Amino acid sequence: MSDTEDDNEISFPVKTPDPYSSEKAAKKSKVHLFVSLSGIDILESKTKFLLYTCPLPTISFCAVLPSSSKVFGFVAKHPAVDAYHCYLFKSQTLAYVLVSVIGDVFRAAKKEERVRGGRDLIVEALRHKNKMLQKENSELKRRLADKNNQQ
């Protein structure tokens, strides 16, 4: 990033150089990160084109690079193949904040999952109780009808 760029913009390598690629160097682009309970979306800054989407359950690690406090990233499992991808970003001022936000989203998603699981148990218990009360009601109606028929 140059000194004239906005401190809150984030850049990251769109393509990383590897020995099997014809690309000579990694290209950097400004991006927008959208973090939600469903995952992380990475959009190209100018066009808002969706570059990558990483569902929250596929993300296994997120941290600031210890040797450079401006670089952070996360590791996500590719949804279609048995491979992991490391997404690296550079932010002049927001690296720790973004890692903290992603951590908060993980905690919120886990809490939501526990609450949803708890709700499922409560709903199942109420269904069972309702079924038992319906049986009891039917039995009481039958007894009342028998009693009325005897009189």
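The side chains of Glu139 and Arg142 meet in a salt bridge at 2.4 Å, N to O, where a salt bridge is a side-chain nitrogen of Lys or Arg within 4 Å of a carboxyl oxygen of Asp or Glu. The model is predicted, so local features need pLDDT of at least 70 and side-chain atom pairs count only at pLDDT 80 or more, while totals for chains, interfaces and linings use all residues. Residues are numbered from 1 along each chain as its sequence is written, and side-chain values use heavy atoms, with hydrogens and water left out. A search of the whole structure returns 5 salt bridges.

- Helices (H or I, at least four residues) and strands (E, at least two) are DSSP runs, numbered from the N terminus.
- Arg142 also forms a salt bridge with Asp146, with 3.0 Å between the closest N and O atoms. Arg142 and Asp146 are 4 residues apart in helix H1, which again amounts to about one helical turn.
- Glu139, Arg142, Arg143 and Asp146 are linked in a network of salt bridges.
- Glu139 is partly exposed because its relative accessible area is 29%; the class covers values between buried (under 20% relative accessible area) and exposed (over 50%), with a 1.4 Å probe and protein chains only. Arg142, at 43% relative accessibility, counts as partly exposed, and Asp146 is partly exposed with a relative accessible area of 36%.
- Asp104 forms a salt bridge with Arg107, and the closest N and O atoms are 2.5 Å apart. Both residues lie in helix H1 (residues 95-150), 3 residues apart, or about one turn of the helix.
- Asp104 counts as partly exposed at 41% relative accessibility, whereas Arg107 is exposed with a relative accessible area of 53%.

**Glu44, a buried acidic residue**

- Glu44 belongs to strand S3 (residues 39-44).
- Glu44 is buried yet has no salt bridge; the nearest side chain of opposite charge is that of Lys46, 6.2 Å away. For charge, Lys and Arg count as positive and Asp and Glu as negative, while His and the chain ends are not counted.
- Side chains of opposite charge can pair when their charged atoms come close.
- The side chain of Glu44 reaches the backbone nitrogen of Thr47 at 2.8 Å. A polar contact is a pair of N or O atoms within 3.5 Å; within protein, one must be able to donate a hydrogen and the other to accept it, and residues adjacent in sequence count only if both atoms are side-chain atoms.
- With neighbours within four places in sequence left aside, Glu44 is in contact (heavy atoms within 4.5 Å) with Lys30, His32, Phe49 and Leu51.

- Lys48 is found in the loop between S3 and S4. Its phi is near 65 degrees, a positive value in a residue other than glycine.
- Lys48 is partly exposed, as its relative accessible area is 45%.
- Thr58 lies in the loop that runs between strand S4 (50-55) and strand S5 (59-64).
- Thr58 counts as buried because its relative accessibility is 19%.
- The side chain of Thr58 reaches the backbone oxygen of Pro55 at 2.6 Å.
- Residues up to four places away in sequence not being counted, Thr58 touches Val75, Ala76 and Lys77.
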